Amino acid sequence: MNRKKATADGEAEGRAAENTAESGGAPAPAENPDAAFKRRIFRKIKRAAIPKEGEFEHFDPVPDKGLTDEQVRTRFSQYLVNDSHKKYSRSYLSIVTGNLLTFFNLLAALVAAALIYSGANISQFAFALIFLVNISWSIILEILAKKRIDKLNLVTLPVAKVIRGGKKREIPAQEIVVDDILLLETGQQIPVDCVLLDGTADVNESLLTGESVAVHKKAGDRLWAGSFVVSGNCRTRATVVGRETYVNKLTAKAKKYKRPHSEIRNSTNMFVGIIAPLMLLIAVGIFWINRPETLDALPETIQTTCAVVIGMIPSGMLLLISIAMSLGIIRLSKSHTLVNDMYSLEMLARVDVLCLDKTGTITDGKMQVDEVTVLNSYSDHSLEEIVGSMLAALGDNNQTSIALYNKFGHSSALQAKTVLPFSSQRKLSAVTFRDAGTYVLGAPEFVLKPMPSRVEKLVRENAVKGLRVLVLAYSANAINGEKVPAVLRPAALITLSDNIREDAAETIAWFKENDVQVKIISGDNPVTVAEVARRAGVENADKFLSLEGLTDPEVEAAASEYTVFGRVTPEQKATLVKALKKAGHTVAMTGDGVNDILAMKESDCAVSVAAGTEAARNVSNIVLQDNDFANMPKVVYEGRRVVNNVKASSSLYIMKTLFTAIMAIVCICLNTQYFFKTNNLLLFELMVAGVPSVILALQPNIERIRGKYFTYVLCHSIPAAVTLVLAVVAVYITSVVQFGAFTPEYEALAVMALTFTGVVMLYRQCQPFTPLRTFTVLLSAAVCIAVFAVPFTASIIYSDWRSIDFSLTAILLLICIVESAFPVSAGLREIFGSIERALEKDD
């Protein structure tokens, strides 16, 4: 499609939409034609040829007027709209193919084809039914989780403020078009590449460049999509949108969302990486040992080799993890908690250090001016006029500015000449007025250097009360670039109070009881923050420190020694998080502002709130949609349920995989045919590993996570696998000693010994018992007994069952093997338990 045709098609779409709107039609409510037109454009834009710079004319709108509706429609027709096809969750096709096209599923399909070729009994294909049921369930649950995620994301989809037709409008960020006039303010992530028209802003471009120092932008400067406004307000004109923006062309460099480190995922990938080649080697070995002398014997060899392959596939474990995680996401969505990645649940559940910002977590963020103390007067204007004029000039919308506005309002008594917006690095804002000098408002330690003793005393007195203190200072000199006058004189002190959340103390107490250290990191005075933390019940709140002027090594050294940190810059927050991780902690960072982003990106799990800035939400693993910090324990509970239950259930699948591998190696060493066919393990697969693992994965479990996933699973599955092997080998040796061969009677007995010994291993795994675990073991045992008691169902597990008449010797041998499994497994578990504890101690 050439450019003209693409544009013509788009314009035709637009005219068709307009004609539809004018033509009337059926009385049924019609869809908004403009919305239908936009949706068609968004569907086509992925394949459309986007005009490059120079291939279209700019409109050059007047900033106060912006684009007209007709100009916006033209831009849509040209596909010059900010749609980059960003997906907030996996597509339906991705979910289906991701669950179907796995290595083990494809291997299972090859096994099924080989069995068809060998003319296997239909009962040997029962494994395929289990695979299909597991896959279907996983797909259904992932789709349900996707719908929940998409629904929650609709609440926090990025929006933009634009001027169109002379009016301010709020639109979805994806509907910004080239030449739109955008209004940017503090905390907003810049949605498109644009040019600053008027105003000033400090912009953090770290998500693009890795450089954390904010860059001051003025009229004529270029702003890049993906960066965010640290301070200031400005009007800009969109120049590049959609997939042509700098951030989308450098996706790898500009990736906003960092996938959480997951021990479960990493351990599972490692296990699969080990078992896949081992499985192929063992299968080749089994085929070679049992290689047929004639073509008539080939089907039997194929079927035994397929049994080894199917027995070693731990596909149920992979699906179980996906199912458990999906159910966790669905449960949390009902509590208005958005989980951006399945494995984020695991990371928050493993956290042992939680870093909180005071505002919005311990306190509700609704500040109010408590007291105003006038120190000196340097103007005929009142304090209300001075502060009100500053607020009007600065245009900030943070909680402090809102509290000041509620007290002083806006004023036009003084005319601003130069404005220096507030930033987390400077801890102050300033305005130079025409014929009235410069006023600076901010943290006393950063505004007054040195601080007069009288002011210092007042600041300390208010800080110990938990009040935030601001100083208003004056100078006759003007702002120079980004620097305030060197000599400033105090004019007034303003104290602000912030309400502690009703549930803050209860939530912090919960983390304390669960061995999670809580550290408070704030830009406020450390004395103030410590007092608020003490009232909220934070342990060791008296261990506080100001990070003002400290070097990175000094900050790192203080990270583990102190609990409350004040006067912290965004870079120092990130340094603290890195230092805590370096000390071996798993760290979660909560934040809602641009000053928290660097630390959130460094943390193991980043948590934000829906009311936070767009930039903070974009780097978060978990978003609390109802802005309620009290929901954090629910997320941890759900994570513990998932991790602990997946560990226990995974052991059952790995037990089967290891048993098959060891048993196959034994057969290779004995130079004998593998003992089982694919259908022989069906009951074991269903009632020892399958159904019980699902039940165990859904049980309540709020125990603290202990030990490493990989170590735990191996140290619990190896003793079980060895016990199973010993049970089968005992049957084999008895048969060979008694009859000189492995007879059909004892082959069937080996299947029963394997199944019921597996029930004993399930019994071990379910300890300590709860009502649900007891039910699971009894259900497994009852179903296994019932299946072998009925000839028809038993024939599905062992094809020649009806022709076998078990002797008393065989029955007694089975009983002895099953009874012996209890002490044997107990002894092996004790040995491997000691190994597990030793390995964990070394870690």
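How many helices and how many strands are there in the protein chain?

**Figure 1. Overview of the predicted model of the protein chain.** The protein chain contains 31 helices and 21 strands. Along the principal axes, its C-alpha atoms fill a box of roughly 115 × 70 × 45 Å. Of the 843 residues in the protein chain, 56% are buried. Among the contacts with a separation of 6 or more, 73% are between residues 24 or more positions apart. The accessible surface of the protein chain amounts to about 36,300 Å², and carbon and sulfur atoms account for 57% of that surface.

**Figure 2. Charged side chains of the protein chain.** The protein chain carries 87 positive and 85 negative side chains. The centres of these two sets are 2 Å apart. Side chains of opposite charge can pair when their charged atoms come close. In this structure, 24 salt bridges are present.

**Figure 3. Close-up of the salt bridge between D179 and R75.** The side chains of D179 and R75 meet with an N to O distance of 2.5 Å. D179 belongs to the loop between β2 (167-172) and β3 (181-184), whereas R75 belongs to helix α3 (residues 69-77). Are D179 and R75 buried or exposed? Both D179 and R75 are buried.

**Figure 4. Close-up of the salt bridge between D515 and R704.** In this pair, the N to O distance between the side chains of D515 and R704 is 2.5 Å. Distant parts of the chain, 189 residues apart, are linked by the pair. D515 is located in the loop between α19 (504-513) and β16 (517-521), and R704 in the loop between α26 (682-698) and α27 (709-739). D515 counts as exposed because its relative accessibility is 52%. R704, with a relative accessibility of 29%, counts as partly exposed.

**Figure 5. Close-up of the salt bridge between D596 and K573.** The closest N and O atoms of D596 and K573 are 2.6 Å apart. D596 is found in the loop between β19 (587-590) and α23 (597-602), and K573 is found in helix α22 (residues 570-582), so the pair ties together parts that are 23 residues apart in sequence. D596 is counted as buried because its relative accessibility is 0%. K573 is likewise buried, with a relative accessible area of 1%.

**Figure 6. Close-up of a salt-bridge network.**

Figure 7. A search of the whole structure for disulfides finds zero.

Key: Residues are numbered from 1 along each chain as its sequence is written. This is a predicted model: local features need pLDDT of at least 70, side-chain atom pairs count only at pLDDT 80 or more; totals for chains, interfaces and linings use all residues. Side-chain values use heavy atoms; hydrogens and water are left out. A disulfide is a pair of cysteine sulfur atoms within 2.5 Å. Helices (H or I, at least four residues) and strands (E, at least two) are DSSP runs, numbered from the N terminus. Buried means under 20% relative accessible area, exposed over 50%, partly exposed in between (1.4 Å probe, protein chains only). Contact means heavy atoms within 4.5 Å. Accessible areas come from the Shrake-Rupley method with a 1.4 Å probe; for residues, only the protein chains shown count as cover. Lys and Arg count as positive and Asp and Glu as negative; His and the chain ends are not counted. The place of a charge is taken as NZ of Lys, CZ of Arg, CG of Asp or CD of Glu. A salt bridge is a side-chain nitrogen of Lys or Arg within 4 Å of a carboxyl oxygen of Asp or Glu.
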